[in-house]
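Please examine the sequence and the three-dimensional model shown below before reading the report.

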Amino acid sequence: MVYIILGAGFEESEAIVPCDLLRRAGVQTRLVGIGGTEIVGSHGITVRADCTAEETDLTEAEMLVLPGGLGGVRSICGSQTVLSALKTVYARGGYVAAICAAPTILAQLGITDGRDATCYPGMENEMHGAHMTDAPAVRDGRVITGKAAGTAFDFGLLLVETLCGGDAARKVKNAVVYR
């Protein structure tokens, strides 16, 4: 199971595009709201989450995905449930993924230390311990990071490739006519 965490102020495209691509690949994916199921994104779009972080055992995830958006990042940082689950999933061998401003959360937890990573331009100074790249999306072991909303397809396809393999990612990429 993949859980995509939605906190108030999350970047809508960074959550919905990866969710869509994962589901197209047949990956069980749930949107998880912090504090409820009606979560308003950074551009005023309300998304109905499948469940809440407080009522879901996030530690059983194969992968936890964190969209960016400064409000969403603040929401995640304020949720001990989510922060604890990130540490637990990563420690037991699961994947953690974050895009835009959200890789800074992984950096705060020490997860990106010594790993290649990318994030929203200008936030690199908050990625202490990571080896920063300019790639749209990068995977280093069990850590996957993406640059910004404009790279949501690259990020989502890398999530699909990680969980389902290159053939599945190419099929989804071709199905959505992503070039």
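## Basis of the report

This is a predicted model, in which local features need pLDDT of at least 70 and side-chain atom pairs count only at pLDDT 80 or more, while totals for chains, interfaces and linings use all residues. Residues are numbered from 1 along each chain as its sequence is written, and side-chain values use heavy atoms, leaving out hydrogens and water.

Helices (H or I, at least four residues) and strands (E, at least two) are DSSP runs, numbered from the N terminus.

## The sheet

Seven strands make up an open sheet with mixed pairing, in the order β5-β2-β1-β6-β7-β11-β10. The edges are taken by β5 (51-52) and β10 (137-140); each has a single partner strand, so one side of each lacks a neighbour in the sheet. Two strands count as paired if DSSP finds at least two bridges between them.

V32 is placed opposite C51 in β5.

Helix α5 lies across β1 (2-6), β6 (63-66), β7 (95-99), β10 and β11 (143-146), and runs at about 175 degrees to β7. Such angles run from 0 to 180 degrees between N-to-C directions, and axes are lines fitted to C-alpha atoms, for helices over the stretch in contact.

Helix α5 (residues 152-164) also packs with helix α1 (residues 12-24), at an angle of about 35 degrees and with the axes 8 Å apart. In contact terms (heavy atoms within 4.5 Å), the residues of α1 that meet α5 include V17, L21 and L22, and those of α5 include F153, L157 and V160.

## Residue R170

R170 belongs to helix α6 (residues 166-175). Its side chain is joined to that of D167 by a polar contact of 2.5 Å; a polar contact is a pair of N or O atoms within 3.5 Å, and within protein one must be able to donate a hydrogen and the other to accept it, while residues adjacent in sequence count only if both atoms are side-chain atoms.

## Two residues with positive phi

Most residues other than glycine have a negative phi. C100, in the loop between β7 and α4 (103-108), has a positive phi of about 70 degrees although it is not a glycine. V177, in the segment after α6, has a positive phi near 55 degrees.

Is each of these residues buried or exposed? C100 is buried, with a relative accessible area of 10%, whereas V177 is exposed at 53% relative accessibility. Buried means under 20% relative accessible area, exposed over 50%, and partly exposed in between (1.4 Å probe, protein chains only).
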